[in-house]
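Subject: Structure handover

Hello,

Here is the structure I promised to pass on. Please open it and keep it beside this email while you read.

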Amino acid sequence: MRAPRSRTTAALLSAAVAAPVLFAAAAPAGAQDARPAKQHPSQAEKAQKLAKKLVKKSTGKSAHRHLEKFQQIADANGGNRAAGTKGYDASAKYVHDRLKKAGYKVSYQNFTFYESQTVREGASVLSPEARKLNAVAFDFSKSTPEGGIQAPVAAARVDDTPGCEADDYTSDTFTGKIALVKRGACTFAEKEAAAAKAGAVGLVLYNHSGDQPVKGNLEVPENAHIPAVGITKAEGEKLAEQVGKGEVKVSVDVATKAVPHKTRNVVAETRGGRADRVVALGAHLDSVHEGPGINDNGSGSAGLIEVAEKLAKETKGGKKLTNKVRFAWWSAEELGLLGSDHYVKSLSAQQKKNIKLYLNFDMIGSPNGAELVYDGDNSDNTGSGPGPEGSAQIEGLINGFLDKKKVPHWGTDFDGRSDYGAFIANGIPAGGTFTGAEGLKTEEQAAKAGGKAGQPYDPNYHAAGDTLKNIDRKIFATNIDVIAHAVGTYAHDLRSLKG
Ligand SMILES: [Zn+2]
């Protein structure tokens with residue numbers, strides 16, 4: 001799970017509208033066969049049988065061995081498994097080798113990502129009076145010439161989506177000026193692009209809370225159009241007030257450097273099953289630099305290994321499956337969903353069409369966790385809209401399984417903080433589970449599922465304490481079962497996706 005950001009949901013919403021036609025018409029059932037159901041198990045029966053078997057064979061205890069391995073890898077590599085480090089590469093090799101041994105067709109997908117290093121950062125007011133601003137460079141900001149750029153300030157409208165949309169830049173002339181924009185409601189990249197499009201030659205973004213300057217991040221070098229710095233809320237509000245009274249001139253001096261790093265996704269698929277009906281599952285394998293990332297996301301990664309191994313065992317390496325099952329371990333999720341984005345971008349239109357659904361598992365062993373199911377039907381009516389057609393049905397399948405096990409569960413929004421984003425944006429139905437990050441457990445959740453209300457689901461989120469010791473083994477085991485049930489069902493029968 002990557003860090004929360006101010007983010008618009010417009011991209012997800014618009015993507016969710018156009019769902020592709022997912023299925024060819026089903027063949028007429030048993031036209032020549034008088035008693036098909038008695039002679040051959042139906043798809044539904046096969047699915048039910050495999051799901052039951054996988055749930056029984058896949059266990060939290062067995063999956064825990066992989067968490068132990070990830071902890072050992074982190075301990076031996078400076079305490080983390082972040083993308084671009086030896087700890088990550090060792091994790092990827094571990095997953096690769098296990099899946100290969102289990103009989104999967106396994107590949108590494110190599111890609112380069114960039115780390116932004118700040119070379120210079122600064123900004124100051126030149127008139128009506130001279131003062132220095134406490135400014136920090138956006139990651140991947142365009143650089144100014146040494147000595148900076150000087151220009152008058154124009155303030156973008158502050159509304160529900162401040163500086164996110166073109167009409168936030170109509171109150172003044174922005175051409176040749178430095179845009180002053182308030183933080184919130186959409187991504188840093190979206191604000192920077194909107195300001196550049198309005199003609200601004202630089203961006204000064206001010207924080208919406210606290211007393212620190214906002215650290216913007218454009219995520220990839222390609223998003224950079226104009227030099228951009230963040231300042232504090234108080235400084236921003238003062239500037240906005242001054243702009244309202246007359247001309248304000250500022251100087252922005254910033255330089256960043258994009259340092260390339262190599263990393264890789266691991267992708268493993270069954271040898272059997274229809275290639276035009278792929279059941280895809282993913283978990284990010286990278287941690288943050290601050291800790292070993294055992295819950296975030298050794299847990300989802302271990303869950304996929306466990307179920308993949310048991311699936312191979314029960315189906316002769318996946319040869320007896322109706323549909324192909326593809327497991328992916330993503331890199332650089334914590335840096336902006338880079339691995340999954342790279343993967344989806346690398347697919348042809350046909351390859352995307354072949355993926356019938358995507359299941360995501362990110363943080364499934366939170367120590368004060370709640371069982372949260374991605375809100376495919378938008379019944380919670382928060383944040384993003386529903387997922388592409390089929391997402392509601394995925395949520396239904398998982399909810400039904402949890403109800404049967406009498407596990408209390410709640411919805412969780414597709415808020416763009418994990419790897420389903422690129423799949424949803426391409427009209428692929430998505431779902432999965434999550435047991436909570438820095439958010440606080442509600443009274444209702446604590447009453448029904450135990451744990452501490454008002455406390456974070458994972459107090460060690462993105463910190464050194466995200467270790468083997470701080471995994472809730474019970475909720476972890478529950479989610480191994482969720483993965484097993486979904487894999488067993490969809491590997492033979494996708495009809496429930498149509499509702
Ligand atoms: Zn994370």
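Start with E121. This residue is partly exposed, because its relative accessible area is 39%. Keep in mind that the whole model is predicted. E121 sits in strand β1. Apart from residues up to four places away in sequence, E121 touches A135, V136, A137, D253 and V254. Now look along the chain from E121 to K105. The two are 16 residues apart, and their C-alpha atoms are separated by 48 Å.

**The whole chain**

Next, zoom out. The protein chain has 14 helices and 14 strands. Its C-alpha trace spans about 90 × 50 × 45 Å along the principal axes. How does the radius of gyration compare with that of a compact globule? For 499 residues, a compact globule would have a value near 23 Å; the chain has 25 Å, which agrees.

Buried residues make up 55% of the 499. The chain exposes about 20,900 Å², and carbon and sulfur atoms supply 52% of that area. Take the contacts with a separation of 6 or more: residues 24 or more positions apart account for 82% of them.

**The cores**

The largest nonpolar core holds 55 residues. Which members touch the most others? They are L281, F327, W329 and Y490. Helix α14, residues 473-492, gives this core its largest share, with 9 residues. There is also a second, separate core of 27 residues, and M1, L372, A422 and F423 are among them.

F327 is then in contact with Y104, V266, V267, A268, L281, L304, A308, L311 and V487.

**The zinc ion**

Now find the zinc ion. Which protein atoms are its donors? They are M1 (O), D296 (OD), E334 (OE), E334 (OE) and H462 (NE2). These atoms lie 1.8 to 2.6 Å from the ion. In sequence, the donor residues are spaced M-x294-D-x37-E-x127-H.

E334 lies in the loop between β10 and α9, and H462 in the loop between α13 (443-449) and α14. The pair therefore ties together parts that are 128 residues apart in sequence. The cut-off for buried is under 20%.

**The disulfide**

The structure holds 1 disulfide. It joins C164 to C186, with an S to S distance of 2.1 Å. The torsion about the S-S bond is about -95°, so the disulfide is left-handed. C164 is in the loop between β4 (149-155) and β5 (178-182), while C186 is in the loop between β5 and α6 (188-197). The bond therefore ties together parts that are 22 residues apart in sequence. Both ends are buried: C164 has 15% relative accessibility, and C186 has 2%.

**Backbone details**

Last, check the backbone. Most residues other than glycine have a negative phi, and most peptide bonds are trans. So which places are worth a look here?

Two peptide bonds to inspect:

- S127 to P128 is cis, with omega near 15°. P128 is in the loop between β1 (105-127) and β2 (131-133).
- D296 to N297 is also cis, with omega about 0°. N297 is found in helix α8, residues 294-314.

Two alanines with positive phi:

- A185 has phi near 75°. It lies in the loop between β5 and α6. A185 is partly exposed, with a relative accessible area of 28%.
- A332 has phi near 55°. It lies in the loop between β10 (323-330) and α9 (338-346). A332 is buried, with a relative accessible area of 0%.

Find each of these in the viewer, and write back with any questions.

Best wishes

Definitions and conventions
Residues are numbered from 1 along each chain as its sequence is written. This is a predicted model: local features need pLDDT of at least 70, side-chain atom pairs count only at pLDDT 80 or more; totals for chains, interfaces and linings use all residues. Side-chain values use heavy atoms; hydrogens and water are left out. A nonpolar core is a set of buried Ala, Val, Leu, Ile, Met, Phe, Trp, Tyr and Cys residues joined through side-chain atoms within 4.5 Å. Buried means under 20% relative accessible area, exposed over 50%, partly exposed in between (1.4 Å probe, protein chains only). Helices (H or I, at least four residues) and strands (E, at least two) are DSSP runs, numbered from the N terminus. Contact means heavy atoms within 4.5 Å. A disulfide is a pair of cysteine sulfur atoms within 2.5 Å. The radius of gyration is taken over C-alpha atoms; the globule rule is 2.2 Å times the number of residues to the power 0.38. Accessible areas come from the Shrake-Rupley method with a 1.4 Å probe; for residues, only the protein chains shown count as cover. Donors are N, O and S atoms within 2.8 Å of the metal (3.2 Å for Na, K and Ca); water is not among the atoms, so sites may look incomplete.
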